Amino acid sequence: MSRVGYSIAPALLLSAQAASAANDAGLNETGPALVLFGAAAVLMIALLSRSALGPAIAAARTRASHFRTCRELEARSRDVLHDFILPGAYGGLTKIDHALLTAGGILCIRTVHLNGIVLGAENDPQWTFVNGRSRSRFLNPVIQNAGRTRALQAVVPEVPVANLVIFTGQVEFPTPPPKNVILIRNLDSYIAKFVFGPAKVKDWDAAWLTLRSSAMTDDAARRDFQAQLGFS
């Protein structure tokens, strides 16, 4: 039972106690009305509270998932960037969730936090998310992250860059997802297999420094990015 659900019981108990006191005092006609009115008010407050808290709870869970992903990536490489902005591959700006430098190149990572069943093929414009009786559609994260990957590649053209989508939360795929879509628990095995082949990079540190220097994390860049979203 939710925290809101627990708050209903004491209120109903108080209403019943108030009704009992009213009956003892001889207010038999007004007592039941007070009980009904009090119970209705409590239920209305509970429903409104649940409606108001729902988005906040979802946002808090997403933030917690983001921090967990940051920790997981930082435990695997000292060269990692989070939540930064680059010039878009086709103009404007684009925001990248994470970039991780590995022995095989740079992973441009898009993270998605969901709990439920995910349906979708690599080239489908939208995927489907099912959670109980609820069903919704969302943009194909592989396609969504492809433009971000190209933007990152433009900054370090000599370094191999790969598009990786990581799902956090309790997610099930009824059919095998694309090879570059993984659950966070499979991150180690993916990194171990991530090898482009012989790379022509002479100085990996210099390449990573170029990316770090290009990554925008200041408030002005974030405002410009949000303004761009408003026009899209």
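**Ground rules.** I am working with a predicted model, where local features need pLDDT of at least 70, side-chain atom pairs count only at pLDDT 80 or more, and totals for chains, interfaces and linings use all residues. Residues are numbered from 1 along each chain as its sequence is written, and side-chain values use heavy atoms, with hydrogens and water left out.

**Overview.** I noted 6 helices and 9 strands in the protein chain. Helices (H or I, at least four residues) and strands (E, at least two) are DSSP runs, numbered from the N terminus. Of the 232 residues, 37% count as buried. Buried means under 20% relative accessible area, exposed means over 50%, and partly exposed lies in between (1.4 Å probe, protein chains only). I also looked at contacts, meaning heavy atoms within 4.5 Å. Among those between residues at least 6 apart in sequence, 59% join residues at least 24 apart.

**Aromatic rings.** I paired rings of Phe, Tyr and Trp (its six-membered ring) if their centres lie within 6.5 Å; planes under 30 degrees apart are stacked, over 60 edge-to-face, and the rest tilted. The count came to 3 aromatic pairs. The rings of Trp127 and Phe167 have centres 6.4 Å apart and planes at 10°, so I logged the pair as stacked. Trp127 sits in strand 5 (residues 126–131) and Phe167 in strand 7 (residues 161–168), so the pair ties together parts 40 residues apart in sequence. Both Trp127 and Phe167 are buried. Phe167 and Phe173 have ring centres 5.4 Å apart and planes at 85°, so that pair is edge-to-face. Phe167 has a relative accessible area of 0%. Phe173, at 22%, counts as partly exposed.

**Cavity.** I searched a 1 Å grid over the protein atoms alone; a cavity is a set of points where a 1.4 Å probe fits but cannot get out, and lining residues have an atom within 4 Å of a point. Grid points are joined across faces, edges and corners, and a volume is the space filled by probe spheres set on the points. I found 1 cavity of 30 Å³ or more. The lining of the largest cavity includes Trp127 and Phe173, along with Val118 and Pro177.

**Nonpolar cores.** Such a core is a set of buried Ala, Val, Leu, Ile, Met, Phe, Trp, Tyr and Cys residues joined through side-chain atoms within 4.5 Å. The largest has 18 residues, and Phe84, Ala99, Ile106, Leu152, Val156 and Leu211 have the most contacts inside it. Strand 1 (80–87), strand 2 (93–102), strand 3 (105–113), helix 3 and helix 5 (204–214) each supply at least two of its residues. A second, separate core of 13 residues includes Ile109, Ile166, Ile182 and Ile184.

Is Asn163 buried or exposed? Asn163 is buried, with a relative accessible area of 14%. I placed Asn163 in strand 7. Its side chain makes a polar contact with the side chain of Asn145 (2.8 Å). A polar contact is a pair of N or O atoms within 3.5 Å; within protein, one must be able to donate a hydrogen and the other to accept it, and residues adjacent in sequence count only if both atoms are side-chain atoms. Arg148 is found in helix 3 (residues 141–155). At 13% relative accessibility, Arg148 counts as buried.

How values were computed. On a 1 Å grid over the protein atoms alone, a cavity is a set of points where a 1.4 Å probe fits but cannot get out, and a pocket is an open set with protein on both sides within 12 Å along at least five of seven lines; lining residues have an atom within 4 Å of a point.
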